[in-house]
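Here is a friendly briefing to read alongside your model. Please have the sequence and the 3D view open as you go.

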Amino acid sequence: MNIKKIMHVENLTHFYGNQIGCKGINFDLYKGEILGIVGESGSGKSTLLKCLSGEISPSAGKINISLDQGGVKDFLSLPEQEKRQLMRSMWGIVHQNPRDGLNLRISAGGNIAERLLNVSEKNYSFLRNTGKYWMEKTEMDSDRIDEFPLSFSGGMQQRLQISKILSSNPQIVFMDEPTGGLDVSVQAKILDTIKSIVRDINVTMIIVTHDLAVVRFLTDKLLVMKDGIVVETGLTDRVLDDPQHSYTQLLTSSILQV
Amino acid sequence: MKIIELKNVNKKFILHNQKGTVLNVLKNINLEIKTGECIALVGKSGIGKSTFLKMLYGNYLPSSGEINIYNNNKINIANSLEHQIINLRKYFIGYVSQFLRVLPRVPTIEIVSDTLKQQSLFDEHSLIKIKKLLSELNIQESMWNLSPLTFSGGEQQRVNLAKTLIGNYSILLLDEPTASLDDINKSIVIDMIKSKLKKDVTIIVIVHDKKIRNEICTREINLEKYIPNDN
């Protein structure tokens, strides 16, 4: 078995002025892996995600990426234009607030098509069918394809955002608290949807969350962050069931039993 | 042929947030398990039988030592990349925990199907096979499309067993598979374990009932001898 390494992160560090955002981060991500990044607010997990997804330029460190086409590339030293193009077509970012990831002035179908147009797909009926297909796959009513995002509930908007991102078959999907703003019953359904999709299409994903139940159900491996550094890493169920670091032990023992 | 090998395995828990308490659980485990063996783990409650199983599954991390699994090549579970362990769990090692852990809302039949889908063994005959297994385990047809989270303890345990026994694993780790079952269901599960053994599956099982052990197991490993002296 030889699974391709698609991301190699070395000593990734970002400062906001004198303030540490994240520091000395190292990990490898293999094709088809789902990585969870957990930690309390202020631990640096969102900063790390932003560095990885190209939203901010880190102060130091290295990110090597190896995509289906083009061999290994040093992501941080790519020309800005190439970086943008990569992020548009091969990265997919699912924001916590779906309104940050959706274009509210165009229809649900238009939102899904927008991504596909970026990867130069121009056939109208193909775009429309893909839109319907993804709406159904994320358990939305595809008859609502012509409605605007604001006519959907929060949970449905999140499904639409996930459809939009996954429809263009990105090589890495980044999710920032994907179920953060949703109530519990909606959360469970969305997790279920994401889980069944990742099983079907072998997507590689990095999820940032503070919710340990989310990482247990969705991720293969974990980075536990505190004060900007990674304190523990490993197989998700190993980290949660047999935590080695004192902070991870505190985190896992703080969950209330329902 | 050896399929599992433990070399100098030690396990202690350090409870950092409880005054740094150190619990030495198991020490100096050196042993080999051969293909097709059915091993019973024995020893008094709290001695570390479940801990032992969980280390074999990569769920607990040994404090030192090697746990080698011989697939086509050797993989040291205690020191492997995550995707290698995940792959091993997908195709090679099945684990039945004491308690069922599944996503809410997912119907029983899908939970069992999922194992075959993960192993890329799901085809047009699979549903018949799954329904047959669930019936044999006395899970009523009316429950197949319900989430098992609302089932009784014994029913959940049988779904948990079905989920793993449907798969094509070379090693099965079973943590008290018959604990909350009545006599009829117990003997059904024992027969299923026997038929796995006929297919040369290697089984490591925790089971308190000596009669069951005598019936299915080829060897007992008593964990008493791995208790650290300083306890």
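A:Asn11 is found in strand β1 (residues 5–16) of chain A, where strands (E, at least two residues) and helices (H or I, at least four residues) are DSSP runs numbered from the N terminus. This is a predicted model, in which local features need pLDDT of at least 70, side-chain atom pairs count only at pLDDT 80 or more, and totals for chains, interfaces and linings use all residues. Residues are numbered from 1 along each chain as its sequence is written, while chains are lettered from A and ligands numbered from 1 in the order in which they are written.

**Backbone and exposure**

- A:Asn11 has a positive phi of about 50 degrees, although it is not a glycine.
- As background, most residues other than glycine have a negative phi, and most peptide bonds are trans.
- A:Asn11 is exposed, with 12 other C-beta atoms within 10 Å; the cut-offs are 20 or more other C-beta atoms within 10 Å for buried, 12 or fewer for exposed, and partly exposed in between, with C-beta atoms placed from the backbone.
- A:Asn169, also not a glycine, has a positive phi of about 55 degrees.
- The place of A:Asn169 is the loop between α6 and β7 (172–176) of chain A, and with 14 C-beta neighbours inside 10 Å it counts as partly exposed.
- A:Pro79 sits in the loop between β5 (72–74) and α2 (80–89) of chain A, and with 8 C-beta neighbours inside 10 Å it counts as exposed.
- From C-alpha to C-alpha, A:Pro79 and A:Ser168 are 23 Å apart in space, and they are 89 residues apart in sequence.

**Helix α1 of chain A**

- Helix α1 (residues 45–53) of chain A is mostly covered, with 8 of its 9 residues buried.
- Among the buried residues of α1(A) are A:Lys45, A:Lys50 and A:Cys51.
- After α1(A) comes A:Gly54, whose phi is positive, near 90 degrees.

**Helix α4 against α6 in chain A**

- Helix α4 (residues 108–118) and helix α6 (residues 154–167) of chain A pack at an angle of about 25 degrees, with their axes 8 Å apart; axes are lines fitted to C-alpha atoms, for helices over the stretch in contact, and angles run from 0 to 180 degrees between N-to-C directions.
- α4(A) and α6(A) are therefore roughly parallel to each other; angles under 35 degrees count as roughly parallel, over 145 as roughly antiparallel, 65 to 115 as roughly perpendicular and the rest as oblique.
- The residues making this contact include A:Ile112 and A:Arg115 of α4(A) and A:Leu160 and A:Lys164 of α6(A); two residues are in contact if their C-beta atoms, placed from the backbone, lie within 7 Å.

**Helix α4 against α5 in chain A**

- α4(A) and helix α5 (residues 124–137) of chain A pack at an angle of about 110 degrees, with their axes 9 Å apart.
- α4(A) and α5(A) are therefore roughly perpendicular to each other.
- Where α4(A) meets α5(A), the residues include A:Gly109 and A:Ala113 in α4(A) and A:Leu127 and A:Trp134 in α5(A).

**Where chains A and B meet**

- The contact takes 23 residues from chain A and 17 residues from chain B.
- Helix α2 (residues 82–91) of chain B gives the largest share of the side of chain B that touches chain A, 5 residues.
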